[in-house]
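Reader: I have a model open on my screen and would like to talk it through with you. Could you take me around it, one region at a time?

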Amino acid sequence: MDIKNQHSFWGSLSPLGGLTGAGLLIMASARLSWAVTVALGLFWVYALTVLAYSFLVSTEISRKIFPQKGRENLFACLASFFGSIFLLLFWLLCPFAALEVFLPLLLIPLYCAGSGIFGQITRGGTSPHALPHASLHASLHASPVNDNAHIDIIENVSNAVSRAAVLAGLLIAFSIVREPLSYCSLSFPGTSQGMITIMYFKKGSFFPIGMFASSAGALLLLGYLLTLYQYYRNALFPEVLKNG
């Protein structure tokens, strides 16, 4: 399946289709408060990075300043810049909450650069090319953008927001399941302590406390989620596997 026609959820570049979001799903899903914070960062970085990059390469002046080769580096730098801005703003607002998700927030620009968005933008005005697998190396070393191609800023931003929404939705849903199984509670970012408990469940045999708090427990839940995903993907969208 070509990059331009990639489905945000069922495509091979999706967080579950290509496991491009597995790292964040494991690291930031232990607490709902962490998942909400990272989800906000995903929307911020994805949308602003694509908006800024599309605007820069769509003007005639920028084409003389930024050469065709190396524009993938510009995209990665923009993602890192907006990721740093979000981390700084969140740090000023709630330092302890930012400290708890410091590493996942630092990784968001890398996920943005390796999500296939850059390849989707550069091939948006030309004939699409196949991308065998979702990887950071493949997406960052896509063919240079065609200067004669028309860049639709609104479409690019909407596609980026769609990809961010899929990963953010999966992250929040995964944390809603994982945190009660681990800590018998649901939390939300805020207060001077970094998070507040918005719901608490009584401990009982239904909650295997502690097992799913570690990365090993998260991998077990993720494996179950991937099994359901692959089953419904094969049943509902068999053409995705044939063309992916």
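Author: Let us start with one side chain: tyrosine 111 has a relative accessibility of 17%, and because buried means under 20%, tyrosine 111 counts as buried. Please keep in mind throughout that this is a predicted model.

Reader: Which helix is tyrosine 111 found in, and which residues does tyrosine 111 touch, not counting those up to four places away in sequence?

Author: Tyrosine 111 belongs to helix 6. Leaving out residues up to four places away in sequence, tyrosine 111 touches Thr20, Gly21, Gly23, Leu24 and Tyr46.

Reader: Let me step back, then. What does the whole chain look like in terms of helices and strands?

Author: The protein chain has eleven helices and two strands, and when it is read along the sequence the pattern is α-α-α-α-α-α-α-α-α-β-β-α-α. Of its 244 residues, 47% count as buried. If you take the contacts between residues at least 6 apart in sequence, 72% of them join residues at least 24 apart.

Reader: What about the largest nonpolar core, how many residues are in it and which have the most contacts inside it?

Author: The largest nonpolar core has 52 residues, and those with the most contacts inside it are Val38, Leu42, Tyr46, Tyr53, Phe75 and Leu222. Several helices each supply at least two residues of this core, including helix 1 (22-27), helix 2 (32-58), helix 4 (71-93), helix 9 (153-183) and helix 10 (215-236). The largest share, eleven residues, comes from helix 2.

Reader: Is helix 2 mostly covered or mostly open?

Author: Helix 2 is mostly covered, with 19 of its 27 residues buried. Within it, leucine 42 touches Leu24, Ile108, Ala164, Leu167 and Ala168, again not counting residues up to four places away in sequence. As for length, the 27 residues of helix 2 should span 39 Å at 1.5 Å a residue, and the end C-alpha atoms are 39 Å apart, so the two values agree.

Reader: Which residues are buried in helix 4?

Author: Among them are Arg71, Glu72, Leu74, Phe75, Leu78, Ala79, Phe82 and Phe86. The 23 residues of helix 4 should span 33 Å at 1.5 Å a residue, and its end C-alpha atoms are 33 Å apart, which agrees.

Reader: Now helix 9, please: how far does it reach from its first C-alpha to its last?

Author: Helix 9 has 31 residues and reaches 43 Å, close to the 45 Å expected at 1.5 Å a residue. At its start, a side-chain oxygen of aspartate 152 comes to within 3.3 Å of the backbone nitrogen of isoleucine 154.

Reader: And what happens to phi just after helix 9?

Author: Just after helix 9, cysteine 184 takes a positive phi of about 60°. Most residues other than glycine have a negative phi. Cysteine 184 lies in the loop between helix 9 and strand 1 (185-189), and cysteine 184 is buried, with a relative accessible area of 0%.

Reader: Last one, where is serine 214 found?

Author: Serine 214 is in the loop between strand 2 (195-200) and helix 10. At 34% relative accessibility, serine 214 counts as partly exposed. Serine 214 and methionine 27 are 187 residues apart in sequence, yet 9.4 Å apart in space, C-alpha to C-alpha.

Conventions: Residues numbered from 1 in each chain as written. Predicted model: local features only at pLDDT ≥ 70, side-chain atom pairs only at ≥ 80, totals over all residues. Heavy atoms only, no water. Core = buried A, V, L, I, M, F, W, Y, C linked by side-chain atoms within 4.5 Å. Buried < 20%, exposed > 50% of the residue type's maximum accessible area, 1.4 Å probe, protein only. Helix = DSSP H or I, 4+ residues; strand = E, 2+ residues; numbered from the N terminus. Contact = heavy atoms within 4.5 Å. Expected span 1.5 Å × (residues − 1). Polar contact = N/O pair within 3.5 Å; in protein donor to acceptor, adjacent residues only side chain to side chain.
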